[in-house]
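This report describes the structure shown below, for a reader who has not seen it before.

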Amino acid sequence: MSNSEARNVANPSTLSATVAGADILPSAEPRGPKPRRRFSRRNIFIYGTLLLVSIYYLLPLYVMVVTSLKGMPEIRLGNIFSPPMEVTFQPWVKAWSEACTGLNCDGLSRGFWNSVQILVPSVILSIAIASVNGYALANWKFKGAETFFTILIFGAFIPYQVMLYPIVILLREMGLYGSLWGLVLVHMVFGMPINTLLFRNYFTSVPEELFKAARVDGAGFWGIYFKIMLPMSLPIFVVAIIIQVTGIWNDFLFGVVYTKPENYPMTVQLNNIVNSVQGVKEYNVNMAATILTGLVPLIVYFISGKLFVRGIAAGAVKG
Amino acid sequence: TDLEVTHWWTSGGEAAAVAEFASAFDATGNKWVDGAIAGGGSTARPIMISRITGGDPMGATQFNHGRQAEELVEAGLMRDLTDLAESEGWADAVAAPSLLESCTLDGKIYCVPVNIHSWQWLWLSNKAFEDAGLDVPTTWDEFVAAAPALRDAGKIPLAMGGQAWQRGGAFNVLMTAIGGKELVMKVYDEKDAEVAAGPEIAKVFQAAADAREMSQGSNVQDWNQATNMVIQDEAGGQIMGDWAQGEFQVAGEVAGEDYTCLPGLGVNEIISTDGDAFYFPVMDDEEQSAAQEELASVMFNAGTQVAFNLKKGSLPIRKDVDLNAANDCMKKGLAILDQGNTVTSVNQLVSPDTNTQIEGLMTEFFSDMNMTAEDAQARFADIIANAD
Amino acid sequence: MSSIEIKDLDLAFGAVKVLEKLNIDVPEGEFLVLLGPSGCGKSTLLNCIAGLLDVTGGQIFIDGKNVTWEEPKDRGIGMVFQSYALYPQMTVRGNLAFGLKNAGLPKAEIEKRIARAAEILQIEPLLDRKPAALSGGQRQRVAIGRALVRDVDVFLFDEPLSNLDAKLRSELRVEIKRLHQQLKNTMVYVTHDQIEALTLADRIAVMRGGIVQQLDDPTTIYNKPTNLFVAGFIGSPAMSFLDGKIEEKDGQKIFIANGIDVAMDGYDGYVPNADGRDMILGVRPEHVGLHEDPSTGIQGVVDIDEPMGSDSLIWITVGNQRLSVRTAAGLGFKPGQPVGITFDITKASLFDKDGGQRL
Amino acid sequence: MSSIEIKDLDLAFGAVKVLEKLNIDVPEGEFLVLLGPSGCGKSTLLNCIAGLLDVTGGQIFIDGKNVTWEEPKDRGIGMVFQSYALYPQMTVRGNLAFGLKNAGLPKAEIEKRIARAAEILQIEPLLDRKPAALSGGQRQRVAIGRALVRDVDVFLFDEPLSNLDAKLRSELRVEIKRLHQQLKNTMVYVTHDQIEALTLADRIAVMRGGIVQQLDDPTTIYNKPTNLFVAGFIGSPAMSFLDGKIEEKDGQKIFIANGIDVAMDGYDGYVPNADGRDMILGVRPEHVGLHEDPSTGIQGVVDIDEPMGSDSLIWITVGNQRLSVRTAAGLGFKPGQPVGITFDITKASLFDKDGGQRL
Amino acid sequence: MSQTSRPFQLFRNINAKIASIPMILTASVVFLGGTIWTIVYSFTNSKLLPRREFVGFDQYERLWSTNRWIVSIENLLIYGILSLIFSLIIGFLLAALLDQKIRFEDTFRTILLYPFALSFIVTGLVWQWILNPDLGVQSIVRGLGWESFTFDPLYNADIVIYGILIAGLWQGTGLVMCLMLAGLRGIDEDIWKAARVDGIPMWKTYLFIVIPMMRPVFITTLVIIASGIVRLYDLVVAQTGGGPGIASEVPAKYVYDFMFQAQNLGQGFAASTMMLLSVAIIIIPWAYLEFGGKKRG
Ligand SMILES: Nc1ncnc2c1ncn2[C@@H]1O[C@H](COP(=O)(O)OP(=O)(O)OP(=O)(O)O)[C@@H](O)[C@H]1O
Ligand SMILES: Nc1ncnc2c1ncn2[C@@H]1O[C@H](COP(=O)(O)OP(=O)(O)OP(=O)(O)O)[C@@H](O)[C@H]1O
Ligand SMILES: [Mg+2]
Ligand SMILES: [Mg+2]
């Protein structure tokens with residue numbers, strides 16, 4: 001385009017357009033990365049929303065922590081959101097080792113080891129069984145397997161309360177009632193549906209050819225499970241462990257119904273502390289006890305957050 | 001021998017009382033293994049029943065007087081204490097025959113009653129009325145009349161917890177106080193639906209509606225939180241059993257000075273012989289069985305009874321005990337007991353099923369201002385008609 | 001003796017019959033390729049041979065032994081998969097050793113076999129790497145190695161090269177061919193790539209819908225496909241098909257279509273009489289002559305010129321039909337240009353349109 | 001006027017520079033193929049052109065307009081993906097219409113465009129089906145249709161055929177070629193299949209590691225690859241490479257390797273003096289002559305015979321080197337048989353081993 | 001001798017069958033057996049202990065004429081539907097936000113997920129407290145000077161179920177978010193690119209393209225949420241104990257209370273049976289679609 005032509009064309013409207021453009025970009029020509037404002041509307045919206053939501057989600061935790069650090073008088077006066085004026089760890093000490101239920105005044109500490117004792121075999125056993133189930137369902141389909149699996153999924157919907165009685169009878173007939181193993185068995189049974197589902201979906205997503213190759217290589221049911229499948233299923237194991245740890249650690253009903261006082265898990269103590277009202281409710285102790293009880297699953301979460309999403313992706317999405 | 005004892009006594013006064021049993025039992029060379037489960041009977045009972053039917057029973061367990069354990073006894077799961085009772089002469093020592101009767105099935109004794117609890121008390125905060133510039137009322141009607149003034153003073157007239165048993169209980173107290181013993185027996189023992197639908201019960205429902213009105217704004221669940229409102233002088237009063245006494249005691253309040261108690265709501269001085277009892281599931285182990293008998297014996301023992309009931313705020317089940325240490329309110333109760341102004345507890349008269357239905361109805365009634373007394377009465381009559 | 005003998009094999013998934021009354025004999029040392037479009041049952045057949053699927057009916061013999069109900073490991077087979085199927089958490093050495101350890105072989109023997117396989121496949125430097133650290137071609141080589149160490153007589157390959165890019169594919173193809181020449185054991189190889197089939201096979205079984213359409217050596221399959229399906233499936237660029245009828249003129253049988261007439265003299269097969277049946281004439285692009293002078297032979301118009309490096313594929317429109325011609329590269333035919341075409345009828349194929357059989 | 005102009009394009013993912021100072025001009029109506037091995041940055045470049053990736057530096061012009069910062073929809077491009085990327089829950093019609101509806105086009109216009117695209121691609125009968133009910137080839141056609149309805153000047157294809165089997169691939173290849181001839185718009189086509197590149201392209205840009213190695217028309221790329229990489233990458237069967245040195249004998253420059261000596265007379269390029277540098281001679285299989293008489297030319301031994309239907313690829317060992325020869329099919333060379341070979345040196349390529357440049 | 005005939009079917013894959021015994025036993029004895037047992041005894045007048053005195057449909061008649069049961073069912077429906085809708089919507093929106101290649105994704109995700117680690121008892125307790133008009137939000141706002149502000153969902157029979165919902169969502173949406181996030185990550189990149197080239201706005205892409213593609217995730221999520229809803233119990237007990245009055249009663253609590261509190265097993269079993277029945281009505285068609293209809297390859 002020649003100069004003269006350009007001048008001809010340069011009517012007021014294009015002129016104003018160029019001026020407006022020059023305002024924003026002195027060099028006129030877009031070059032290199034598109035300029036992005038740090039505080040674009042989009043970013044403000046995204047981070048703003050997330051921040052608000054985070055506050056909503058953190059609020060209860062904040063209330064719990066703050067309250068657990070206050071003394072009772074302060075709680076009675078102030079509001080639950082205000083930070084403690086005088087930080088005291090007494091509620092924590094009390095919750096852990098002094099709070100009374102009935103005649104026992106040793107707080108949560110009594111239940112902690114019981115919970116661990118229940119947790120470890122229950123988690124190991126239930127996951128071991130569920131993973132084998134999932135593996136058998138995914139790779140060794142036999143007649144009727146799907147039917148049992150459907151019943152299992154049905155079981156996921158059965159309220160625990162409904163099954164309380166039949167299981168009392170079952171355990172009695174098996175002679176396991178009241179023993180730790182009885183409880184472990186119950187956790188295994190009720191953890192089975194959802195974990196089996198996850199493992200089944202996960203193993204289904206493992207390429208079938210891998211399984212076939214192992215069979216040609218002469219590995220049997222267990223050989224393939226232990227040597228091929230197990231080593232490659234870390235993410236789903238993490239998910240199952242998290243779900244089971246959370247469920248079993250937080251369980252109150254089974255722990256109290258199917259064991260004896262000497263085996264009562266921590267949640268029973270928590271229930272006792274929270275529900276034993278001695279005059280006024282000691283909110284600070286309750287909160288401290290609550291946090292202490294939730295600590296184990298929370299820690300498991302914080303440690304394994306990333307693997308959780310990965311595992312969920314593998315176990316829940318495909319299927 | 002270690003003996004596990006389960007119960008749901010976990011509040012301050014209760015726990016102190018249990019400690020008395022425990023130390024007395026420990027003194028016999030055995031060991032009390034405490035199996036407290038907080039949250040009241042509704043939390044604890046399923047656990048106890050499961051344990052017993054699951055074939056792994058505890059050494060002894062608390063139940064309320066009445067029909068809660070009936071079937072367990074029928075199923076042969078409970079220990080027969082008749083021999084022990086005869087050798088120790090329980091029948092002669094017991095304060096009211098009905099106490100032992102409720103432990104008896106087919107002429108055999110299966111439990112140890114450990115206290116007498118009566119429901120029919122109104123607990124009033126002296127300070128609250130003072131603040132409102134009123135005299136402490138002496139009857140239910142005065143109390144109702146004082147309610148508006150209390151409100152104006154920023155107090156809640158009647159403290160009431162949200163749990164079903166508290167509401168059902170309060171209703172039954174009103175019935176006993178306003179309608180009298182006869183009416184209670186007609187309705188609950190004879191299960192006369194016509195009476196239940198009749199004008200006398202209508203009066204009771206009217207009173208309940210008043211109570212409902214007065215209890216607006218007491219946002220607590222547990223009974224002792226409600227009691228605490230009275231102790232803190234935030235509420236004018238509370239209808240609650242004599243166990244509330246324990247809370248006042250723990251809080252260091254003095255009967256007559258800081259608080260006032262009105263048995264039978266000051267209207268009709270009758271008290272019921274509710275109470276707790278301990279059952280002893282059948283156990284295979286010889287030693288344990290022996291320990292069970294020892295515990296039963298310890299619980300019935302006069303000395304333990306005094307120590308226990310003083311702490312618990314309930315009345316002892318023996319008439320041959322001396323309660324010098326008893327406070328004002330307890331003495332009132334003992335006096336009524338002496339006069340024989342007692343009524344059988346509702347728990348003993350109706351099945352837990354019916355009881356739960358009544359409690360359910362009252363829970364609804366007390367929290368739903370839109371439910372008229374008439375509607376509620378109609379449903380009540382229906383429940384009585386189908387009661388067993 | 002037959003190395004693999006398949007008798008009346010039936011296989012159904014529930015109600016869906018995938019293979020029906022299938023019979024194949026594979027002589028010892030033969031390289032048999034199963035070729036066919038996706039979903040025709042090739043993998044299913046291979047899995048039956050390997051024992052990874054339970055047959056619904058029929059029998060399978062390997063080395064004369066009835067293995068119909070044997071476990072895969074006891075059949076004396078090695079198998080290589082499309083996705084390599086290497087055990088991701090084991091090193092290459094571990095992958096190779098896994099089957100041998102399962103078989104309980106002594107350590108020294110395992111070492112020996114791995115060393116031999118690694119040498120043959122030139123994967124010695126990779127032995128201590130994990131599969132994730134290998135390229136596609138290397139992975140496939142390890143997968144072959146895993147079959148190799150098993151020291152079996154029969155190798156089964158399920159589309160081993162189809163996950164690789166064109167370049168690697170042709171390289172590994174040569175290696176597999178060489179491996180076969182070296183080991184001389186029976187191989188059954190599944191593919192849907194006909195170039196692989198033609199280059200590798202001693203015999204090719206062309207399958208469709210669970211049925212073997214033709215089982216023959218590559219040359220026969222290429223030159224005398226039994227039916228339209230085989231003709232169209234084999235050959236790249238593909239055979240062109242012309243619709244027409246046979247007519248007789250001066251005692252000569254002539255294939256006549258819209259604008260085309262081709263004398264069928266010298267056709268290698270039976271030319272039916274002029275009975276009005278619809279016929280299809282198949283000619284391969286390399287058997288068509290292309291002339292710049294439109295008056296030579298039949299006249300057509302250039303449609304597209306596809307240069308393929310060494311030669312070009314020219315698409316011609318004749319009448320309302322299209323055919324492709326293979327010429328040397330760079331002759332510079334332009335779209336729209338009129339040309340003349342001639343057919344080498346001795347290498348053409350005539351099909352009955354109804355049924356599609358070659359005559 | 002250039003339809004696409006890329007100036008000094010830089011692209012980095014974090015610290016990893018994928019494209020560096022890349023310049024390409026695509027004239028209007030050209031079919032440009034981006035060819036290269038996996039991971040060389042082809043898709044990245046295409047995404048930059050489409051505006052799906054934000055460039056790190058440089059500029060992109062489409063139809064003379066600087067679109068460096070434009071949104072993809074405003075660039076006047078249509079794009080077709082390897083995985084089809086059809087919207088699975090919409091019918092074919094919905095897939096085609098969705099973008100247009102969003103652009104706020106009137107209904108009639110949308111209908112018109114869909115009808116036209118459907119006609120061109122012959123997918124009219126499929127318009128009311130969902131993608132799940134289509135075969136791979138049909139899906140790809142719909143994907144192309146989605147770009148087509150946008151009525152744009154520039155089409156971008158990212159390996160559109162690599163999910164299809166060989167047969168379909170070659171069919172659709174022809175269709176795309178025809179589409180280009182019909183529409184005459186600019187197309188940029190990414191592939192790693194060199195046959196696709198050769199048949200489709202007006203010009204090919206061979207890429208490696210984010211750098212364009214050679215940008216030329218297919219014939220030049222095929223016959224005169226600028227370096228070893230391009231030479232090896234293009235051509236199937238691949239070019240054979242022989243290691244050796246240039247020596248002078250009687251004033252003639254001769255390429256000498258173990259057992260081979262080839263006079264370089266007539267070589268189309270520069271032959272350096274005998275300076276002892278390591279050289280590589282590249283010959284394509286079709287430019288080698290094969291003689292049954294071992295005394296003709298250089299002597300070699302047949303290694304493998306790969307029949308490929310229309311012709312055969314014979315692998316020959318000469319000295320310690322290997323090369324492949326393309327012959328007519330069915331000449332019956334047997335492994336181990338001694339043969340004579342001759343080279344057509346005018347079509348060979350000579351590379352400097354150090355650096356790999358063609359001389 | 002090699003086997004020439006078909007071996008006995010039962011012994012094929014024998015190891016797989018042996019390994020599945022725990023599952024088979026659990027499914028058949030515990031879940032199926034327990035269910036049948038429950039159904040059988042729901043026709044008896046069992047009180048504290050199961051007794052085989054059949055009374056026909058008496059228990060069911062009584063069940064459906066009980067106000068509390070009706071309220072429970074209504075509550076479960078309200079809670080269930082709202083909780084399904086909200087947890088799916090909120091979970092998805094949060095996942096979509098987290099999927100925008102944002103910074104601190106891990107932090108945000110952990111914050112959103114941590115409530116899932118806590119038991120319902122804890123959740124109920126904390127929220128009971130925050131929603132308590134004398135201590136929580138209401139008193140704070142009033143303290144700020146807005147005296148007439150009322151926010152007491154747990155003490156208002158009309159809205160108490162929403163108070164429970166707030167806590168339920170707080171606890172559960174994190175997991176839903178995680179599932180959705182995983183689903184979003186599984187969507188082919190090319191789909192996004194195609195949508196951008198087509199000029200389809202982000203929200204439309206999500207609504208019309210991505211969400212329909214995430215069907216499997218939604219199904220898994222649905223199963224997980226729904227199973228939680230049916231079992232809703234702890235949260236109610238911890239937060240309101242079913243109150244005020246019976247305003248927040250739920251079926252699982254009805255079952256529990258009648259079995260152990262009222263000592264009327266028959267009635268409890270009848271209620272259980274109704275719950276199981278409704279679950280079966282949902283599960284069986286689903287299972288049929290999942291396993292019966294199509295065969296996986
Ligand atoms: N487990 C199965 N259940 C039901 N049908 C199946 C199963 N496996 C395969 N099929 C069906 O059997 C037929 C043959 O499948 P097969 O895998 O053998 O095909 P293929 O020839 O190997 O195809 P490809 O080239 O795609 O691998 C297909 O129609 C397929 O849908
Ligand atoms: N989002 C990303 N972040 C970091 N690196 C990336 C990203 N996308 C691509 N790369 C890298 O950029 C390089 C070029 O990738 P690109 O996808 O363009 O290759 P390609 O030539 O298309 O390969 P293919 O043929 O496999 O599709 C690769 O090395 C790849 O690892
Ligand atoms: Mg296959
Ligand atoms: Mg790419």
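## Ligand 1

In ligand 1, an oxygen atom lies 2.4 Å from a polar side-chain atom of C:T44. The model is a predicted one. Two further side chains of chain C make polar contacts with ligand 1. A polar side-chain atom of C:K42 is 2.9 Å from an oxygen atom of ligand 1, and a polar side-chain atom of C:E159 is likewise 2.9 Å from an oxygen atom of this ligand. On its own, ligand 1 exposes 630 Å², of which the protein buries 64%.

The shell around ligand 1 holds 13 residues, and the closest of them are C:S38, C:G39, C:K42, C:S43 and C:T44. Helix 1 of chain C, residues 42-50, supplies the largest share of this shell, with three residues. Sorted by class, the shell of ligand 1 consists of four nonpolar, six polar and three charged residues. The site is shared between chains, because the residues that surround ligand 1 come from chains C and E.

## Ligand 2

The residues around ligand 2 belong to chain D: D:F13, D:V18, D:P37, D:S38, D:G39, D:C40, D:G41, D:K42, D:S43, D:T44, D:E159 and D:H192. By class, four of these residues are nonpolar, six are polar and two are charged. Helix 1 of chain D, residues 42-50, gives the most to the shell, with three residues.

Polar contacts to ligand 2 involve both side-chain and backbone atoms. A polar side-chain atom of D:S43 is 2.5 Å from an oxygen atom of ligand 2. From the backbone, an N or O atom of D:G41 lies 3.0 Å from an oxygen atom of the ligand, and a polar backbone atom of D:C40 lies 3.2 Å from an oxygen atom of ligand 2. Of the 630 Å² of accessible area that ligand 2 has on its own, the protein covers 56%.

Helix 8 of chain A (residues 160-174) packs against helix 2 of chain E (residues 21-41) at an angle of about 110°, and the axes are 9 Å apart. Angles of 65 to 115 degrees count as roughly perpendicular, so helix 8 of chain A is roughly perpendicular to helix 2 of chain E.

On the side of chain A, the contact is made by A:V162, A:M163, A:Y165, A:P166, A:I167, A:I169 and A:L170 of helix 8. Helix 2 of chain E contributes E:V29, E:V30, E:F31, E:G34, E:T35, E:W37 and E:T38. By class, this contact between the two helices has 11 nonpolar residues, three polar residues and no charged residues.

## Contacts between chains

Which chains share the most contacts? Eight pairs of chains are in contact, and of these, chains A and E share the most contacts.

Some chains do not touch. Chain B and chain C have no contact, and their closest C-alpha atoms lie 46 Å apart. Chain B and chain D do not touch either, with their nearest C-alpha atoms 50 Å apart.

Conventions. Residues numbered from 1 in each chain as written. Chains lettered and ligands numbered in written order. Predicted model: local features only at pLDDT ≥ 70, side-chain atom pairs only at ≥ 80, totals over all residues. Heavy atoms only, no water. Near = heavy atom within 4 Å. Polar contact = N/O pair within 3.5 Å; in protein donor to acceptor, adjacent residues only side chain to side chain. Areas by Shrake-Rupley, 256 points an atom, 1.4 Å probe, with all protein chains shown as cover. Helix = DSSP H or I, 4+ residues; strand = E, 2+ residues; numbered from the N terminus. Nonpolar A, V, L, I, M, F, W, Y, C, P; charged D, E, K, R; others polar. Axes fitted to C-alpha atoms, helices over the stretch in contact; angles between N-to-C directions. Parallel < 35°, antiparallel > 145°, perpendicular 65-115°, else oblique. Contact = heavy atoms within 4.5 Å.
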